Amino acid sequence: QVQLVESGGGLVQPGGSLRLSCAASGSIFSINTMGWYRQPPGKQRELVAHITSGGSTNYADSVKGRFTISRDNAKNTIYLQMNSLKPEDTAVYYCNAYALSRMRGWADYWGQGTQVIVSS
């Protein structure tokens, strides 16, 4: 089994910064793409950013230039540096990984989510 544990959420004022972390653990043979999704209150879950094992990245238009995703393959960990935060960034942020494990083969895994609130 694969577990994803997020950390780093919280309350921040508009214009502020936060850094989210997500560590994958368990019976992992390999991890392909990892990413961050978010679900604003009353809305659907949406992609924020993802990064491949080779370091290629993709961002939602709404966060380009403000958020940066990075990855430490040795630690099976990704990070999301969020700058110039806006109230519309308020959401539960979920970590995702497409990983190869003994039990499920290649499959999607999700973290439990971490709350980010941007408010004055």
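**Exercise 1.** Work out how much accessible surface this predicted chain has, and what share belongs to carbon and sulfur atoms.

*Solution.* Start with the total: about 6,100 Å² of accessible surface for the chain, as computed on a predicted model. Then look at burial, where 42% of the 120 residues count as buried.

**Exercise 2.** List the secondary structure elements and check the radius of gyration against the globule rule.

*Solution.* First, count: the chain has eleven strands and zero helices. Now compare: the radius of gyration is 14 Å, close to the 14 Å the globule rule gives for 120 residues, so the chain is as compact as a globular protein of that length. Finally, check the contacts: of those with a separation of 6 or more, 55% come from residues 24 or more positions apart.

**Exercise 3.** Trace the salt bridges of Arg38 and say what its pairing with Asp89 ties together.

*Solution.* Begin with Glu46: its side chain meets that of Arg38 in a salt bridge, N to O 2.7 Å. Then take Asp89, which pairs with Arg38 at 2.9 Å, N to O. Arg38 sits in strand S4 (residues 28-39) and Asp89 in the loop between strands S8 (77-82) and S9 (91-101), so this pair ties together parts 51 residues apart in sequence.

Now for exposure, with buried meaning under 20% relative accessible area. Arg38 is buried at 4% and Asp89 is buried at 1%, while Glu46 is partly exposed at 32%.

Key. Residues are numbered from 1 along each chain as its sequence is written. This is a predicted model: local features need pLDDT of at least 70, side-chain atom pairs count only at pLDDT 80 or more; totals for chains, interfaces and linings use all residues. Side-chain values use heavy atoms; hydrogens and water are left out. Helices (H or I, at least four residues) and strands (E, at least two) are DSSP runs, numbered from the N terminus. The radius of gyration is taken over C-alpha atoms; the globule rule is 2.2 Å times the number of residues to the power 0.38. Buried means under 20% relative accessible area, exposed over 50%, partly exposed in between (1.4 Å probe, protein chains only). Contact means heavy atoms within 4.5 Å. Accessible areas come from the Shrake-Rupley method with a 1.4 Å probe; for residues, only the protein chains shown count as cover. A salt bridge is a side-chain nitrogen of Lys or Arg within 4 Å of a carboxyl oxygen of Asp or Glu.
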